[in-house]
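Student: I would like a close look at one part of this model, a pair of packed helices. Please keep to the geometry and the residues involved.

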Amino acid sequence: MNDICFPPQNTLLTAEQALSRIRQTIQPISGSETVALSLALGRTLAEDVFAAIDMPPQRNAAMDGYAFAAAGLSGNADFSLRMVGTSWAGKPFVGTPDQGECVRIFTGAVVPDGADSVVAQEQTHAGADCVRFSAPCLFHKNIRPAGSDFKAEEKLLHAPRKLNPRDIGLLAAAGVAAVKVKRRLRIGFFSTGDELAPLGSELDIGQIYDSNRYLLAALLADPSFEINDLGVVKDDPQALEAMLVSAAAHHDALLSTGGASVGEADYIKQVLEKCGQINFWKLAIKPGKPLAFGKIGGCWFFGLPGNPVAVLVTYHKFVKPGLDHLLGALPRPTLELRARSESELRKVPGRCEYQRGILKQGENGEFTVTAAGPQDSHQLKVASMANCFIVLDTDCAGVSRGDWVLVEPFSIDL
Ligand SMILES: Nc1nc2c(c(=O)[nH]1)N[C@H]1C(S)=C(S)[C@@H](COP(=O)(O)OP(=O)(O)OC[C@H]3O[C@@H](n4cnc5c(N)ncnc54)[C@H](O)[C@@H]3O)O[C@H]1N2
Ligand code: MOO
């Protein structure tokens with residue numbers, strides 16, 4: 001048995017079995033590079049990141065107001081203090097206010113030594129050089145201690161985290177100008193099919209536009225991926241083999257669409273078996289049944305079905321998690337919600353279905369979902385209107401209006 005094959009597949013794999021095979025089989029890449037923080041969004045950390053400084057570096061004011069020492073003052077009566085200077089953000093007050101004195105201070109400015117309280121200006125009445133504080137006046141407030149966000153040498157982020165916008169802000173605050181990240185995956189993709197015409201051309205009878213390559217390019221738009229559009233391959237086994245063999249030499253992963261089923265012009269499985277190794281083909285899901293996964297030389301291969309909605313489903317459920325695994329990124333949790341179905345949903349037992357739905361949240365907080373339209377796997381307009389998959393498990397025999405269903409929104413950042 002070769003190194004990526006599992007025992008022969010007599011039955012259709014479940015989605016869970018297929019994903020676990022993908023994760024068990026794919027070995028994450030090891031290469032890394034250092035990139036400027038401004039280019040690091042969506043990249044995967046290759047090493048942990050530590051803070052070089054305390055944040056804030058010194059204690060500072062959380063409000064525009066006045067800073068002073070509370071000792072000897074009563075917060076339960078009005079009192080007045082003499083203003084002896086100003087602490088600006090970026091231009092601290094030099095000196096120490098004595099008893100009976102205060103310093104004008106602005107949000108983010110360093111709190112002068114000796115002061116232990118900042119009172120917001122709304123609770124004061126400022127005169128020429130004197131400030132009156134109205135009772136009740138809270139002391140020991142509105143000061144952010146040094147290091148209250150994070151401390152120097154603290155581990156801020158663990159590898160292999162995929163950096164999100166909040167992480168980028170955090171690392172900038174910590175003065176981290178560059179980070180070591182996993183190198184980008186080189187991913188090639190192509191369509192197969194004699195019926196495919198390029199955008200901008202007039203369609204002959206029997207032709208359709210090649211939407212899958214555009215869909216895939218959009219799905220693959222990820223800073224961790226360097227994508228390469230390899231065009232269209234005709235329904236011809238020699239041409240397909242030539243493409244697979246030559247492209248496999250230059251990519252970490254290859255994706256194709258079409259030709260994955262059992263028709264006489266469907267060559268993906270036989271050519272993959274000839275020039276590479278097949279791990280699985282055919283899943284008990286709808287749409288997306290004829291998904292092929294394997295390897296050609298050192299390159300991972302996903303042969304997606306031709307139907308555009310099957311491309312959408314198999315990309316989200318298998319290809320993206322597989323590519324994230326190849327990158328070495330942590331698996332992302334799948335956000336699953338329970339929603340009340342406002343549509344009757346037709347389904348026959350046998351395959352898990354990913355129907356396209358429109359998820360809404362009512363004023364009472366309850367999620368509801370409606371079918372985005374008819375559920376054929378060529379219907380991209382319905383997929384475009386949808387914002388979620390309605391996941392109906394293998395045994396489900398249909399859903400009545402008002403039933404609770406499981407829903408997976410398309411976009412999440414977890
Ligand atoms: N006898 C059987 N027929 C089919 C089965 C089956 O099990 N037995 N499975 C069906 C399922 S499920 C799917 S999905 C499709 C997948 O077939 P292929 O992967 O071989 O894809 P094609 O036959 O090449 O194309 C299917 C469909 O998609 C259109 N297509 C293909 N490429 C593109 C593209 N780049 N852009 C837009 N549309 C594309 C193509 O014209 C076909 O309409 O097989 C079922 N049949
Ligand atoms: O992948 Mo097919 O589109 O299951 O019907």
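Student: Is the crossing in which H4 passes H5 left-handed or right-handed?

Tutor: The crossing of H4 past H5 is right-handed, meaning that the near helix is turned clockwise from the far one by less than a right angle. This is a predicted model, in which local features need pLDDT of at least 70 and side-chain atom pairs count only at pLDDT 80 or more, while totals for chains, interfaces and linings use all residues. Residues are numbered from 1 along each chain as its sequence is written, and chains are lettered from A and ligands numbered from 1 in the order in which they are written.

Helices here are DSSP runs (H or I, at least four residues), numbered from the N terminus. H4 covers residues 237–248 and H5 residues 268–275; their axes lie 10 Å apart, at an angle of about 50°. The axes are lines fitted to C-alpha atoms over the stretch in contact, with angles from 0 to 180 degrees between N-to-C directions. H4 and H5 are therefore oblique to each other, the class left after under 35 degrees (roughly parallel), over 145 (roughly antiparallel) and 65 to 115 (roughly perpendicular).

On the H4 side, the contact involves Pro237, Leu240, Glu241, Leu244 and Val245; H5 brings Gln270, Val271, Lys274 and Cys275. Contact means C-beta atoms, placed from the backbone, within 7 Å. By class, these residues are 6 nonpolar, 1 polar and 2 charged, where Ala, Val, Leu, Ile, Met, Phe, Trp, Tyr, Cys and Pro count as nonpolar, Asp, Glu, Lys and Arg as charged, and the others, Gly among them, as polar.

Definitions and conventions: Helix = DSSP H or I, 4+ residues; strand = E, 2+ residues; numbered from the N terminus. Contact = placed C-beta atoms within 7 Å.
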